[in-house]
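Subject: Structure for your review

Dear colleague,

Please find below the structure I wished to pass on to you, with its sequence. My notes on what was found follow directly after it.

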Amino acid sequence: MTMDATLSSHLQELRRGTVVVASLTVLREPGYGYSLLETLATAGFEVEANTLYPLLRRLEAQGLLSSAWNTDEARPRKFYTTTPEGAAIANALRTEWSRLDNAITDLDTPGSPA
């Protein structure tokens, strides 16, 4: 495996978890799949639709998102919203993310106990 392929694989693993946190955070306000894709892309998250839509269904099955169809417009859209349980999970994940970021920063600091 080349260095580029190895890096790409590790970056994909890193992003996989962050898109969960990002989605639960963004969907505190109701949103539909395509708008979430655009919001994440603008924020710098590279997510493909064929990755995001199954994730949304999984988070809904876990009770972390709720959904409702909006049929007021010509094209019906399924809107997702983070549930209270989803908000609690998102907060816990962001706290853990911060802790891990601090730990890595400490490891990278010369003279830190490793």
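Lys78 has a relative accessibility of 24% and therefore counts as partly exposed; please note that the model is a predicted one. Lys78 forms a salt bridge with Glu60, with 3.5 Å between the closest N and O atoms. This pair connects distant parts of the chain, since Glu60 belongs to helix H3 and Lys78 to strand S3, 18 residues apart. Glu60 is also partly exposed, at a relative accessible area of 25%.

The search of the whole structure gave three salt bridges. One of them joins Arg77 to Glu73, the closest N and O atoms lying 3.4 Å apart. Arg77 is partly exposed at 24% relative accessibility, and Glu73 is partly exposed at 47%. Another is formed by Glu96 and Arg99, with a closest N and O separation of 2.7 Å. Both of these residues lie in helix H4 (residues 84-108), three residues apart, which is about one turn of the helix. Their relative accessibilities are 32% for Glu96 and 44% for Arg99.

Helix H3 (residues 49-61) also deserves a description. Leu52, Leu55, Leu56 and Leu59 are buried in H3. Viewed down the helix axis, the buried residues fall within an arc of 105 degrees, so they line one face of H3. They pack against helices H1 and H2 and strands S2 and S3. Asn50 and Ala61, on the other side of H3, are exposed. After H3 comes Gly63, which has a positive phi near 80 degrees.

With kind regards

Definitions and conventions. Residues are numbered from 1 along each chain as its sequence is written. This is a predicted model: local features need pLDDT of at least 70, side-chain atom pairs count only at pLDDT 80 or more; totals for chains, interfaces and linings use all residues. Side-chain values use heavy atoms; hydrogens and water are left out. Buried means under 20% relative accessible area, exposed over 50%, partly exposed in between (1.4 Å probe, protein chains only). Helices (H or I, at least four residues) and strands (E, at least two) are DSSP runs, numbered from the N terminus. The arc is that of the directions from the helix axis to the C-beta atoms. Contact means heavy atoms within 4.5 Å. A salt bridge is a side-chain nitrogen of Lys or Arg within 4 Å of a carboxyl oxygen of Asp or Glu.
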